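Dear colleague,

Please find below the structure that I am handing over to you.

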Amino acid sequence: MPQADAQGGDFELSLTSAVILDGQTGDVTLVVSPGASAAAALEGAINYDAGELTALSCTAIAPVASCNVDTPGSVLYTAIDPQGWTEATDLISVTFENTGLPAGEASLTISTVIAVDGNAADITPDEVPGVVSTVTHGDVNCDNTVSVVDALLIAQFSVGNRTGVNSCPLGDPLTQILEPTIDVNCDGSASIVDALLIAQYSVGNRTATTTCPLADPLTQIYLGA
Ligand SMILES: [Ca+2]
Ligand SMILES: [Ca+2]
């Protein structure tokens, strides 16, 4: 993660990152942290690529804050604390839907219009961007790789030892599995066969494809979005 003091701003504004699968929703939070100064009033925007993501809604977390998702590509916000934020504080939360990011990462940036301290003096933020990423089929533990660990989780799921969930990150990595990305042979079911294909892929015995159904079921594995 980028560090605030590397850029020498007076305080830090940062966005959390999220894994949001294709067609699903997830939340990102804007956080203010004090540096040499403590911000007391802020106005600005969270910027995103409207071709990749859709901001469905936003929620003011700070007691005196407001936000607006009406403009595609920008979530406008304001927030105020009469005393100034002297510790890391969540300001707003935005719910994004992945509407055009089948694989990879989308950057979320911050732009600041007004930032003042408790004396209403202008101060400068370090703006730390966030990332929305998604995972492909075969990655069932949300770590952005397809490995024998994923095969293990699928094998455990196939015998009832794991619970399928629909979003990343896993709430309980010891008992859960991301269910929508299990099927890597395009047969419509999640089974021990999918674990076998990943095991074969892990040692180079299968070639990844992003096309379903598999053109060659004997040599390919589906790792698409
Ligand atoms: Ca994985
Ligand atoms: Ca399957």
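Of the 225 residues of the protein, 36% count as buried. Please note that this is a predicted model. Along its principal axes, the C-alpha trace spans about 70 × 30 × 30 Å. The secondary structure consists of two helices and 15 strands. Among contacts between residues at least 6 apart in sequence, 66% join residues at least 24 apart.

The five-stranded sheet

One open sheet has five strands in the order E5-E8-E3-E1-E10, and its pairing is mixed. Strand E5 (53-60) and strand E10 (125-128) are the edge strands, each pairing on one side only. From one strand to the next, the twist averages 20°.

The individual pairings in this sheet can be taken in order. E5 and E8 run antiparallel and are joined by seven bridges; Thr 54 stands opposite Glu 97 in E8. Strand E8 (residues 89-98) is also joined to strand E3 (residues 25-34), by eight bridges and again in the antiparallel sense. Here the bridge partner of Leu 30 is Ile 92 in E8.

The six-stranded sheet

A further open sheet is formed by six strands in the order E2-E11-E9-E4-E7-E6, also with mixed pairing. Its edge strands are strand E2 (18-19) and strand E6 (64-68), and each of them pairs on one side only. E2 runs parallel to strand E11 (residues 130-134), and two bridges join them. Within this pair, Ala 18 stands opposite Val 132 in E11.

The two helices

Which residues of helix H1 (residues 148-158) are buried? They are Asp 150, Ala 151, Leu 153, Ile 154 and Phe 157. These residues cover an arc of only 160° around the axis, and they therefore lie on the same side of H1. An α-helix has 3.6 residues a turn, so residues three or four places apart point the same way. The buried residues of H1 pack against strand E12 (163-165), strand E13 (176-178) and helix H2 (192-202). H1 is followed by Gly 160, whose phi is positive, near 85°.

How do the two helices lie relative to each other? Two packed helices are described by the angle between their axes and the distance between the axes. H1 and H2 pack at an angle of about 165°, with their axes 8 Å apart. Because angles over 145 degrees count as roughly antiparallel, H1 is roughly antiparallel to H2. The contact is made on the H1 side by Val 148, Asp 150, Ala 151, Ile 154, Ala 155 and Ser 158. On the H2 side, the contact is made by Ile 192, Asp 194, Ala 195, Ile 198, Ala 199 and Ser 202. The crossing of H1 and H2 is left-handed.

Yours sincerely

Key:
Residues numbered from 1 in each chain as written. Chains lettered and ligands numbered in written order. Predicted model: local features only at pLDDT ≥ 70, side-chain atom pairs only at ≥ 80, totals over all residues. Pairing = 2+ DSSP bridges. Helix = DSSP H or I, 4+ residues; strand = E, 2+ residues; numbered from the N terminus. Axes fitted to C-alpha atoms, helices over the stretch in contact; angles between N-to-C directions. Buried ≥ 20, exposed ≤ 12 C-beta atoms within 10 Å, placed from the backbone. Arc of directions from axis to C-beta. Contact = placed C-beta atoms within 7 Å. Parallel < 35°, antiparallel > 145°, perpendicular 65-115°, else oblique. Left-handed = near helix turned anticlockwise from the far one by under 90°.
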